[in-house]
Amino acid sequence: MKFVDEYRDAHGVAELSGEIRALVTRPWKLMEICGGQTHNLLRYGIPELLPPEISLIHGPGCPVCVTAPELIGKAVEIARRPEVIFASFGDMLRVPGPLGSLLAAKAEGADVRIVYSPLDAVNLAHRHPRREVVFFGVGFETTAPATAMAVWQAEREGLANFSLLAAHVLVPPALEAILGSPRRAVDGILAAGHVCAVMGFGEYEGLAARHRTPIVVTGFEPIDLLEGIRLLVAQLEQGRAEVENSYSRAVHRDGNLEAQRMLHEVFTAGPREWRGIGSISDSGLHLRARYQEFDAERRFPLPAVAHAPTDLGCLAGEILQGIRKPRECPLFGQGCTPDAPIGAPMVSSEGACAAYFRYDRRSV
Amino acid sequence: MCLAVPGRLVEILPDENPTLRRGSVDFAGIRKEICLAFTPEAEVGQYVLVHVGFALSVIGEDEANRVVRLLNQAGDWE
Amino acid sequence: MNEFALQCPAPAAPDRVQLAHGGGGRLTAQLIERVFLPAFANPALRVLHDGAVLETPGARLAFTTDSFVVSPLEFPGGNIGHLAVCGTVNDLAMCGARPLWLSAGFILEEGLPFDVLERVVASMRDAAREAGVAIVTGDTKVVDHGKGDGMFINTAGIGTVVAPTAISPRAVQEGDVVLVSGDLGCHGIAVLSVREGLEFEAPVESDVAPLWPAVEALLGAGVEIHCLRDLTRGGLATALNEIATASGLGITIEESAVPHAPSVRAACELLGLDPLYLANEGRFAAFLPECDLERALATLRACAVSQGAVAIGRVSGASARVDLRTVIGSLRVLDLLSGEQLPRIC
């Protein structure tokens with residue numbers, strides 16, 4: 001595929017990893033924000049191509065993993081209603097909540113369907129006018145404008161049998177929390193290229209300056225990832241803390257203004273609970289008053305799902321902040337596996353623990 | 001997060017609703033109808049970056065070739 | 001606020017059957033180990049091959065069974081009827097056996113249109129003819145509307161073992177080469193392309209086909225076959241993991257050598273799937289000594305069903321693990337999946 005295959009070139013990879021080796025003089029901890037980047041770093045075995053001074057920390061960049069169990073409980077309760085067709089991205093189906101996963105609900109008879117796009121959920125609502133179609137809106141700023149468009153379209157068309165269970169989260173507040181933490185372990189940030197394709201990277205300039213931390217907007221293919229790492233290491237070695245864009249084929253400073261406009265038309269920021277992290281203010285997207293008739297939480301009022309946090313020795317919170325590595329967790333591969341996940345990062349294949357479990361078990 | 005894939009815009013589909021501009025995008029033989037509402041500037045023949053059925057940006061071909069070209073110059077490989 | 005607290009859910013107790021137990025991945029393997037093997041313990045089953053090889057006076061028979069569940073029932077390039085015949089015929093072929101007879105059990109859902117049933121049965125007739133087998137016994141049950149995805153089919157098959165030596169994971173040896181009979185993933189993508197909510201236009205048809213002609217040709221050419229495995233549910237990655245576990249040997253494959261059609265690769269990029277785990281219904285992997293490789297490839301490429309045969313890796317060491325040399329030259333573990341691959345956005 002054009003714009004994909006040329007970024008998976010073994011010679012280019014070797015070239016870049018050589019340049020990184022030549023640059024580095026001391027240990028650096030780099031965090032990639034995005035679960036898709038974590039997935040590809042491990043899928044392509046990139047850590048083994050890096051000099052030992054560089055350690056990669058897998059941040060909380062998987063919106064599926066960080067969706068609060070309470071919200072998954074609500075999703076399952078709504079999905080179980082006989083009149084409901086519950087539409088979701090495939091990633092979300094296996095994630096366990098207090099009432100089990102959506103996949104388990106489906107096995108018990110709930111009408112849960114995988115869609116590719118939020119607009120597919122709108123189409124389902126058109127095709128099944130006597131059913132209630134509920135879309136589970138998960139994802140970061142990359143995905144939120146698409147969900148916003150689905151709601152906007154439903155409103156325009158007066159589509160009364162469509163609603164949204166909103167679980168969208170925002171990256172900068174989480175980044176602020178990680179960089180501002182007194183236990184902060186991170187030296188530099190690989191910013192998620194596709195989030196920036198929508199939002200641009202102006203927001204990161206303040207973050208980089210305030211926390212004296214270099215941030216490089218980075219793509220997803222092996223050469224993109226290594227180029228991002230190279231630029232980050234160069235900044236760290238030179239004592240700079242700037243925002244650089246290494247994914248300029250897809251990202252501009254201001255991002256996609258049309259997508260931002262739609263996002264702000266439909267959503268407003270508010271507090272959100274992150275699995276494994278806790279509540280972060282202004283880190284969630286909620287429907288504006290004008291669109292509240294499409295809010296599934298209003299349409300299907302539910303008692304708060306009881307959720308007893310259980311400390312089983314899981315280090316999810318520290319792993320997501322890069323304070324610990326997945327293998328340092330006593331439960332990793334023992335009580336906690338992708339088949340029976342305990343912590344958020346084991347939940348989806350993009351979670352740091354699940355990715356380690358699948359791709360980096362050579363010593364286990 | 002955020003799987004987004006580049007594909008070539010092969011056709012702009014006629015639509016009575018101009019805010020929901022749609023196009024047919026080709027991914028090495030796979031065709032998918034994609035919403036172009038966020039990329040009004042996209043033209044047939046250009047590559048767009050697609051996420052959950054939406055084109056998020058038009059791929060800059062010059063920028064795309066920059067990294068690859070630099071690497072080509074640095075090493076002796078094709 | 002902005003205080004990192006630890007909040008982990010309690011693990012889900014695995015006290016009920018989950019979909020993933022039938023997905024062909026790690027949970028399926030656990031289910032077999034935990035429930036079926038101890039209960040049915042016998043040497044033929046313990047081999048954990050696609051079919052059992054049974055010694056009877058005057059003959060070595062291969063015996064296998066498989067159940068077919070697919071949504072939608074019809075997809076580009078085939079339907080559940082093709083799968084039901086080819087799946088069982090292919091399991092026999094993977095034992096080095098010439099398929100002879102099949103049984104067919106139908107579980108039909110009340111309300112299934114007759115024209116669908118008739119198309120499926122016609123496909124079974126055609127596939128059986130192509131594979132040279134007769135469907136000699138059968139059974140029909142009807143379940144209430146809503147209790148069975150249109151129709152389920154079970155087939156069992158009997159064949160005579162033609163291969164001169166045992167074909168099984170235990171016959172795999174260090175130094176063996178691994179080859180696949182053609183490009184992988186077409187069946188999986190063909191089925192996905194017509195799922196409601198995911199629909200896309202793909203120039204991809206299911207690869208469903210009987211594999212016996214290819215195996216017969218290999219045996220006829222005198223190739224020393226150590227192991228054969230059809231790459232159905234769970235795909236290449238799952239099959240290789242099963243063989244690595246059963247043989248106790250390590251397998252290393254080259255990602256860039258594994259053939260996929262460009263459109264299969266593109267569909268995987270779009271949906272976030274790994275093509276190495278996609279299902280095939282007319283492809284197999286073969287393990288054989290390196291000295292026979294060229295002859296095996298030439299023989300396979302002369303058969304229509306295996307004209308895309310290529311070598312993809314080899315067997316080395318006693319790690320009982322599958323390693324993948326990635327397209328960028330690094331090495332990583334190729335693991336079993338926890339369940340069916342689901343399209344992802346992340």
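In the predicted model, Gly335(A) counts as partly exposed, because 15 C-beta neighbours fall inside 10 Å, a number between the limit of 12 or fewer for exposed residues and that of 20 or more for buried ones. This glycine belongs to the loop that joins α14 (316–320) to α15 (344–347) in chain A. Gly335(A) and Leu285(A) are 50 residues apart along the chain, and a distance of 34 Å separates their C-alpha atoms.

Helix α11 of chain A comprises 17 residues, 222–238. α11(A) is mostly covered, with 13 of its 17 residues buried. The residue that follows α11(A) is Gly239(A), which has a positive phi near 70 degrees.

The contact between chains A and B draws 40 residues from chain A and 30 residues from chain B. On the side of chain B that touches chain A, at least two residues each are supplied by β4 (47–51), β5 (54–58) and α1 (61–74) of chain B. α1(B) provides the largest share of this side, namely six residues. In terms of residue class, the side of chain B that touches chain A consists of 24 nonpolar, five polar and one charged residues.

Key: Residues numbered from 1 in each chain as written. Chains lettered and ligands numbered in written order. Predicted model: local features only at pLDDT ≥ 70, side-chain atom pairs only at ≥ 80, totals over all residues. Helix = DSSP H or I, 4+ residues; strand = E, 2+ residues; numbered from the N terminus. Contact = placed C-beta atoms within 7 Å. Nonpolar A, V, L, I, M, F, W, Y, C, P; charged D, E, K, R; others polar. Expected span 1.5 Å × (residues − 1).
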